[in-house]
Amino acid sequence: MIQHLFHLSTDKPVTLQQQVYESISNGILDGHISPDIPLPSTRQLSKMLAISRNTVVIAYQNLTADGYLLPKDRAGFYVDKNILKGKPGNTQPLDITANSQPDWESLVSFNRVTNTIKRAQNWQEQPYPFVYGQLDPDLFPFQHWRECSLDSVRILPAKNWLSDHYDSDDPLLITQIKSRLLPRRGIWAENDEILVTVGAQNAIFMTLYALLNNRSTLGVENPGYPDLYQIANQSGANIKPLAIDSQGLIINEQINTCNLLFTTPSHQFPTTVTMPLERRKQLLQKATEHDFLIIEDDYENEISFESTPLPALKSFDADNRVIYIGSLSKTLSPGLRLGYIVAPKPFINVLREIRCLMLRHPAMNNQKAVGLFLERGYYHSLVTKLVAVYKERWKIMNTSINMYLPDYLSQPLIGGSACWIEGPKHLNAKTLKSIASDHGIIIESGEKFYAGDQIPLHTFRLGYSSIKTDKIDSGILKLSNLAINI
């Protein structure tokens with residue numbers, strides 16, 4: 001009897017019909033159901049499992065359609081032996097004696113990553129996750145996303161994305177980026193000036209891969225994005241840390257010798273400060289005078305607490321020197337990994353070739369679902385909701401920091417999803433991070449964001465996108481009590 005294969009529960013996230021299907025299909029593949037003995041009839045199995053007979057009937061029909069079961073007249077359902085063809089008879093590892101194995105460390109030419117952003121794996125289980133770059137699941141519009149995902153896999157749209165598109169993107173998504181997202185940033189682009197990427201990091205990787213070599217000088221904001229440093233290291237380029245202040249990247253002679261410059265003017269990463277309009281124009285003037293290119297990561301541009309956000313650097317780019325990178329990771333979902341690049345057509349063509357060699361294109365079903373999500377206005381509604389929630393959380397966090405950590409300086413914000421904190425000079429934020437973690441408080445120490453030899457240890461970041469609003473004040477209070485003894 002096969003009853004032992006079934007562990008049905010109404011508490012599972014899948015239907016009883018799906019559970020019956022999985023139990024039988026897994027039993028067949030694992031060899032627990034004999035091909036020579038008929039399965040129980042639908043009436044017998046439904047009685048055995050105490051479920052509706054119709055549930056079993058549909059499961060049997062689906063198993064038959066998928067090649068697991070073979071109905072025989074007046075004999076019942078049997079395992080279709082064709083489903084077992086090609087299945088290895090012995091699943092145990094072969095007993096092979098190793099002779100001389102390669103030294104993989106010496107063979108790999110990749111410059112190993114030494115400093116990158118890593119988060120506690122169990123941050124979602126902690127009571128005070130001041131984690132940056134993650135989304136509070138309660139804010140995600142599951143119903144709207146489910147609708148768009150289901151519509152993207154209907155027969156007609158699915159026929160369009162099932163094939164390999166080589167180097168092209170979903171037309172609906174390109175249209176929505178062009179008409180809905182970019183105009184809000186003051187950018188007007190043609191279809192062939194837009195490329196979809198697997199998030200902003202994929203966009204950064206391809207751009208640096210195309211532009212850097214061992215004769216290049218890349219200017220990077222300091223503190224800045226550590227993964228950017230690691231990507232640039234692979235090219236052998238000279239990485240030049242550039243000083244910032246309370247208005248972002250400082251525009252002076254420090255940038256004159258760069259061939260390429262990376263900046264985050266909307267919300268500087270990681271300090272969150274915003275570059276004013278006049279400084280943006282000065283940066284473009286410098287680029288023209290000293291003939292360098294600019295990568296603008298329009299980081300968290302949607303999360304602005306101002307009624308009229310500053311336009312993107314790219315919107316003033318009369319000389320086509322700016323490569324613009326946008327992302328939906330910090331608004332729609334960090335796990336979705338979808339971004340885009342806007343640049344002159346010749347450079348987009350180069351990136352398209354690089355992307356094709358790397359991964360062909362981002363998954364077309366995801367592109368279609370996001371295109372529908374944008375087209376139906378769900379994205380705009382989500383961003384409006386996020387801005388309202390984040391603004392409330394920021395106000396609470398700012399008040400709590402001023403109350404419980406009066407000796408700690410936080411940068412004034414006009415948007416974003418995190419606060420950058422400068423503690424007293426004696427503070428070791430790595431130690432605070434470790435101690436706080438033991439008490440269920442997850443923070444990010446700031447040392448990993450710096451390039452060069454002078455690494456301050458008294459900075460850290462508190463994100464408010466993932467922590468519940470009612471946990472912020474008590475979390476800051478607990479953190480302040482821990483910081484007293486450091």
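**Figure 1. The side chains of aspartate 170 and lysine 368 meet in a salt bridge, with N and O 3.1 Å apart.** This pair joins distant parts of the chain, since aspartate 170 sits in the loop between helix 6 and helix 7 while lysine 368 belongs to helix 12, which covers residues 364-375, and the two are 198 residues apart. Aspartate 170 counts as buried because its relative accessibility is 5%, and lysine 368 is likewise buried, with a relative accessible area of 15%. As in every view that follows, the model shown is a predicted one.

**Figure 2. Arginine 352 and aspartate 169 form a salt bridge whose closest N and O atoms are 3.8 Å apart.** Here too the pair links distant parts of the chain: arginine 352 lies in helix 11 (residues 345-359), aspartate 169 lies in the loop between helix 6 (155-161) and helix 7 (171-181), and 183 residues separate them. Both partners, arginine 352 and aspartate 169, are buried.

**Figure 3. Further salt bridges include a pair made by aspartate 151 and arginine 154, as well as a network of several charged residues.** In the pair, the side chains of aspartate 151 and arginine 154 meet with an N to O distance of 2.8 Å. Aspartate 151 has a relative accessibility of 17%, and it therefore counts as buried. The network is made up of Asp136, Asp138, Arg393 and Lys468, which salt bridges link to one another. For the protein as a whole, the count comes to 18 salt bridges.

**Figure 4. The largest cavity holds about 90 Å³ of space.** Its lining consists of Arg185, Ser266, His267, Thr274, Arg280, Asn301, Ser304, Glu306, Pro309, Leu310 and Ile414, and by class these are three nonpolar, five polar and three charged residues. A search of the whole structure finds four cavities of 30 Å³ or more. Rolling a probe the size of a water molecule over the atoms shows where empty space is left.

**Figure 5. The second largest cavity holds about 40 Å³ of space.** The residues that line this second largest cavity are Gly133, Gln134, Leu135, Glu300, Ser329, Lys330, Pro334, Tyr390, Ser417 and Ser465. Sorted by class, the lining has three nonpolar, five polar and two charged residues.

**Figure 6. The largest pocket has a volume of about 500 Å³.** In total, 26 residues line this pocket, and those lying nearest its centre are Tyr132, Tyr225, Ser329, Lys330 and Arg337. The lining of the largest pocket divides into ten nonpolar, eight polar and eight charged residues. Ser329 and Lys330, named here among the residues nearest the centre of the pocket, are also part of the lining of the second largest cavity.

**Figure 7. A nonpolar patch on the surface is formed by Trp104, Leu107, Val108, Phe110 and Val113.** Together these residues have about 530 Å² of accessible area. Valine 108, one of the members of the patch, is found in the loop between helix 4 (104-107) and strand 3 (128-129). With a relative accessible area of 43%, valine 108 is partly exposed.

Figure 8. Of the 486 residues in the protein, 49% are buried.

Notes:
Residues numbered from 1 in each chain as written. Predicted model: local features only at pLDDT ≥ 70, side-chain atom pairs only at ≥ 80, totals over all residues. Heavy atoms only, no water. Patch = residues over 30% accessible without salt bridge, like charges linked within 9 Å, V, L, I, M, F, W, Y side chains within 5 Å. Areas by Shrake-Rupley, 256 points an atom, 1.4 Å probe, with all protein chains shown as cover. Salt bridge = Lys/Arg side-chain N within 4 Å of Asp/Glu carboxyl O. Helix = DSSP H or I, 4+ residues; strand = E, 2+ residues; numbered from the N terminus. Buried < 20%, exposed > 50% of the residue type's maximum accessible area, 1.4 Å probe, protein only. 1 Å grid on protein atoms, 1.4 Å probe; cavity = no way out; pocket = protein on both sides within 12 Å on 5 of 7 lines; lining within 4 Å. Points joined across faces, edges and corners; volume = space filled by probe spheres on them. Nonpolar A, V, L, I, M, F, W, Y, C, P; charged D, E, K, R; others polar.
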